[in-house]
Amino acid sequence: MMSVSPWISKGPYASIRRMHDVRRVVGPALERIAYDSSPVDDEEIRRFRVLEAHLRDSIRGRSISTPELHEAARRARERGVSVDILDERGTPPSDAVLSATARQLSEILAHVRSGVVTVRALPPGDPAAVFIVHDSQNPDDDPLAVEIEDVTGAVSTF
């Protein structure tokens, strides 16, 4: 069973849980920036950028933000791939869709070394729940597109 993101919380303490999650993820980096006066090296800058992208994903891609998705995106970003995770859905899709999304994104990101990968959760009512596109930004290559059907998680590639 696919785990739903800890970023999606309901109830009276959702904002407190969200704050603790953000602090856990980016707190050490923020403390380093705020309190350590030594110069920031290139490796730290790269790590800070990956953390910033992770935090951005958890906000802009909220309904499909799973630990598996974040891990695949992190590994790709460390290789220089640009990854955008966006949510037009607002609510988490079915477990089948979340599993298919994590599996497809992991497969795509394992093979790409450049370009842009966009993962978009589509609005409720759309026959597709998630759309993934890889654009290598090479004019000789065709973009790869993957559509994941709502509810069932069936995958179509074109």
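Modeller: The count comes to one aromatic pair, where rings of Phe, Tyr and Trp (its six-membered ring) pair if their centres lie within 6.5 Å.

Biologist: Which residues form the aromatic pair, and how many Å is it from centre to centre?

Modeller: The partners are Phe-131 and Phe-158, at 5.9 Å centre to centre, with 35° between the planes, so the pair is tilted. Planes under 30 degrees apart would count as stacked and over 60 as edge-to-face, with the rest tilted.

Biologist: Before we go on, what kind of model is this?

Modeller: This is a predicted model, in which local features need pLDDT of at least 70 and side-chain atom pairs count only at pLDDT 80 or more, while totals for chains, interfaces and linings use all residues. Residues are numbered from 1 along each chain as its sequence is written, and side-chain values use heavy atoms, leaving out hydrogens and water.

Biologist: Is Phe-158 buried or exposed?

Modeller: Phe-158 counts as exposed because its relative accessibility is 53%. Phe-131, at 25%, counts as partly exposed. Buried means under 20% relative accessible area, exposed means over 50%, and partly exposed is in between (1.4 Å probe, protein chains only).

Biologist: What is the order of the strands in the sheet?

Modeller: The open sheet has five strands in the order β1-β2-β3-β4-β5, with mixed pairing. Its edge strands, β1 (82-87) and β5 (155-157), each pair on one side only. From one strand to the next the twist averages 15°.

Biologist: How many bridges join β3 to β4?

Modeller: Six bridges join β3 (residues 128-135) to β4 (residues 144-149), and the two strands run antiparallel. Phe-131 stands opposite Glu-147 in β4, and Ile-132 stands opposite Val-146.

Biologist: And how many bridges join β2 to β3?

Modeller: Six bridges join β2 (residues 116-121) to β3, and these strands also run antiparallel. Val-117 has His-134 in β3 as its bridge partner. The two strands form a hairpin with six residues between them, and Gly-125 in the turn has a positive phi of about 95°.

Biologist: Changing topic, how many salt bridges does a search of the whole structure find?

Modeller: The search finds 12 salt bridges, each being a side-chain nitrogen of Lys or Arg within 4 Å of a carboxyl oxygen of Asp or Glu. Side chains of opposite charge can pair when their charged atoms come close. One of the salt bridges is between Arg-56 and Glu-52, whose closest N and O atoms are 2.7 Å apart. Both residues lie in helix α2 (residues 42-60), four residues apart, about one turn of the helix. Arg-56 is partly exposed, at 25%, and Glu-52 is partly exposed, at 43%.

Biologist: Which residue forms a salt bridge with Arg-74?

Modeller: Arg-74 pairs with Glu-78, the closest N and O atoms being 2.8 Å apart. Both lie in helix α3 (residues 67-78), four residues apart. Arg-74 and Glu-78 also belong to a network of salt bridges that links them with Glu-43, Arg-46, Glu-71 and Arg-75.

Biologist: Is Asp-150 buried or exposed?

Modeller: Asp-150 is buried, and Arg-89 is buried too. These two form a salt bridge, with the closest N and O atoms 2.9 Å apart. Asp-150 is in the loop between β4 and β5, and Arg-89 is in the loop between β1 and α4 (95-111), 61 residues apart.

Biologist: Last topic: which residues form a nonpolar patch on the surface?

Modeller: Tyr-13, Ile-16 and Met-19 form the patch, with about 310 Å² of accessible area together. Patches are made of residues with over 30% relative accessible area and no salt bridge, with nonpolar side chains (Val, Leu, Ile, Met, Phe, Trp, Tyr) joined within 5 Å and like charges within 9 Å. The areas come from the Shrake-Rupley method with a 1.4 Å probe, and for residues only the protein chains shown count as cover. Ile-16 is in helix α1 (residues 14-35) and is partly exposed, with a relative accessible area of 42%.

Notes. Two strands pair if DSSP finds at least two bridges between them. Axes are lines fitted to C-alpha atoms, for helices over the stretch in contact, and angles run from 0 to 180 degrees between N-to-C directions.
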